[in-house]
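Subject: Structure for you to look at

Hello,

Here is the structure I said I would pass on. My notes follow below it.

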Amino acid sequence: MEIFVVGLSHKTAPVSIRETVAFAPEHIGDALGQLKKLPCIAEVVVVSTCNRVEIYAAADYAEEGIEAVTRFIARYHGLDVEQLSKHLYVRQGDDAVRHMFRVAASLDSMVVGEPQILGQIKDAYGYAVEYSSVGLIMNRFLHKAFSVAKRVRTETNIAGNAVSVSFAAVELARKIFDSIEGKTVMLLGAGEMCELAARHFVSNGVKEVLVANRTFARAQTLAQEFSGRAVLFENFADHLHQVDIVLSSTGATNFIIQPEQVQNALRQRKQKPMFFIDIAVPRDIDPRVNNVGNVYLYDVDDLQGIVKANMDERQKEAIEAEEIINQELVQFKGWMSSLEVVPTIVALRQKMERLRQREVEKTLRQIKNLDDQGRRAVEAMSQALVNKILHQPTTGLKRAQKCATAQPYVDVLHELFELEVETAPGEMKKIDQVDQD
Amino acid sequence: MSILLYKVALLMYALATLMSLVAVVRNRGNEGRRARLLLLVAFSVHTVTLVVRYFEAGYTPVTNLHESLSFFAWALAGVFMLLDMQIRMQVMAAATATLITVFMLFGSLMPMHTQELNPALDSFWLPIHVGLAFMGNAVFTVAFVAAILYLIQERMLKSKKFSALHYRLPSLETLDRINYRCLKFGFPLMTMGIISGAVWAESAWGTYWSWDPKESWALITWFLYAALLHGRLTVGWRGRRAAIFAIIGFFFLLFTFLGVNLLLPGLHSYSSMAG
């Protein structure tokens, strides 16, 4: 049994393709049903988000499965296989497992480390469980993916720092102020960027919002939205000392805030620190304001610089995450191969046992005048011989299974001894019996 | 016995320092918790050390440089852990633990044996005066650590160039709050330390104040912190200015504590290197 994935993502397909191929939640049940009916597919999960559509499946013969799934996607969405294949990627075995781990850990995301993808995979698994399209392998596989994602999240700093300008501003504020809760924000200008940043501050607990805008009515509507208060644009400087954070994005062509004004405000507020965020281009705030003590001024470039640095930081953390994934991959491979090793050992034993019984019978038939003791001796000798012969290969196989290198041995044994194996979950129980020997 | 215990305590402090530094570098919370636990163990061993020494020597062990350093390091550890219960900060723990270890290390380089108590010190004022003064010093040392961290964080926020430390350090306001809180607790302790010294001096030597170098330097240091407290309360000195003050204050303090004994002879010089 092998795991494989057929899919496409923001890295391989433009949005026009992604939206055609996406499975809407109400169609996933139907899709899973159809996939399950494909003769070569044993278990299947469909992950469909706006950035990726992936079908993970377990099959006895991965190549056949891959072909069937590819045809299914094309047929389901009324696309031409040729045309679709351009955007598809296919992974099987270890590569498929690694791919899932990377996706779940958000290493394959557009914004590395973004947290939504894990939830989306959990949803996908939820559907698969609901429509019972998963079994032993996929259950284990998905749960493993969740735990890998969790490990990556807690052991690396991959989701650590802000990767958007407005979040970067909030994080900076957290390094200046004890907490944002209870602080007051002033919005200068009512631009979209400003509004977005303000929203982040409000959702992080800002107490009061003041809005100043050249058109007072617009200031009023915006103030209402944040349950704050509007002030006259001409008078905004009189309110500077009341606010801790200033968000500015007016259309002014000159600096509207001068260092002297800020110095005054600071004196009035007994030097309590102030944070100025200037997201206007051209800038609203004289850069010299940053030189005033206890005042911190950041413009758009500064914030974008931080975002860029944080992105790079995430890339570095991603390297650590890959290491974790490698470790987990080895573990999972061990489990996968145990699915094959145990039945192989069982089959090998059964085969030997059949041979032994046949030969013992033959021998006993030929020696007519053997007493009970003699018969028992022949029986015992043959059994001991089989056990002795099988002992070494059995322990060798188990050892190989622990290091996840059992596959070639399994294949050779099947080939040489012409074994017949069913990889049914029930076989797992026999692992204990075999271990007893 | 107390010397052996001292060495054990020193070793534990060193281990706690190492562990908390590793925790800062790797930014792992559970390692930080373990480092704190180790610091607590080191502090407990150190407490036992002081008690054992008290009984071995028969007096409060703060009469020579080794004993003073030991007691100071102990006070610093105690004060820091009290603060840490309220404001948990990994970097602060690492920096303070480093300082504690350095003081302990210096203490171990001094002559460590107990000796006969100078009769002039044989008074119940000894533990009170020295205890108050050293507690005050310890609190101001914590303020010093917070001030250094403040300046580092402020530098990064102003220049917009961030090292990994930026993410590990607490906010400016938090660091400034520690500065203020230390001032609020340290200043009364220091004041009482000086007053208790004056009262003791009156009962022992018949004069409250004799302008011996230690007294003079302590007074200068006291004025420095008084100025900072005044500035804070009236015109809102805070942030960078308060941090710089706390750093300067600490160096005056260090000089009053160590420099005066080593460099300037005077009434307090029985606690010199010779013991």
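In this predicted model, helix H5 of chain A passes helix H13 of chain A in a right-handed crossing. H5(A) covers residues 94-104 and H13(A) covers residues 300-366. The two pack at an angle of about 135 degrees, and their axes are 10 Å apart. That angle makes H5(A) oblique to H13(A).

Which residues make the contact between H5(A) and H13(A)? On H5(A) they are Asp94(A), Val97(A), Arg98(A), Phe101(A) and Arg102(A). H13(A) contributes Ile325(A), Glu328(A), Leu329(A), Phe332(A) and Lys333(A). By class, the residues of this contact are five nonpolar and five charged, with no polar ones.

Next, the domains. Chain A is divided into domain 1 (2-160), domain 2 (180-303) and domain 3 (332-436). Between the centres of domain 1 of chain A and domain 3 of chain A, taken over C-alpha atoms, there are 38 Å. Five residues from domain 1 of chain A and four residues from domain 3 of chain A take part in the contact between these two domains.

Where does the side of domain 1 of chain A that touches domain 3 of chain A come from? H5(A) and helix H7(A) (136-155) each supply at least two of its residues. H7(A) gives the largest share, three residues. The classes on that side of domain 1 of chain A are two nonpolar, no polar and three charged residues.

Regards

Methods
Residues are numbered from 1 along each chain as its sequence is written. Chains are lettered from A and ligands numbered from 1 in the order in which they are written. This is a predicted model: local features need pLDDT of at least 70, side-chain atom pairs count only at pLDDT 80 or more; totals for chains, interfaces and linings use all residues. Axes are lines fitted to C-alpha atoms, for helices over the stretch in contact, and angles run from 0 to 180 degrees between N-to-C directions. Helices (H or I, at least four residues) and strands (E, at least two) are DSSP runs, numbered from the N terminus. Angles under 35 degrees count as roughly parallel, over 145 as roughly antiparallel, 65 to 115 as roughly perpendicular and the rest as oblique. A crossing is left-handed if the near helix is turned anticlockwise from the far one by less than a right angle, and right-handed if clockwise. Two residues are in contact if their C-beta atoms, placed from the backbone, lie within 7 Å. Ala, Val, Leu, Ile, Met, Phe, Trp, Tyr, Cys and Pro count as nonpolar, Asp, Glu, Lys and Arg as charged, and the others, Gly among them, as polar. Domain bounds come from an automatic or database domain assignment.
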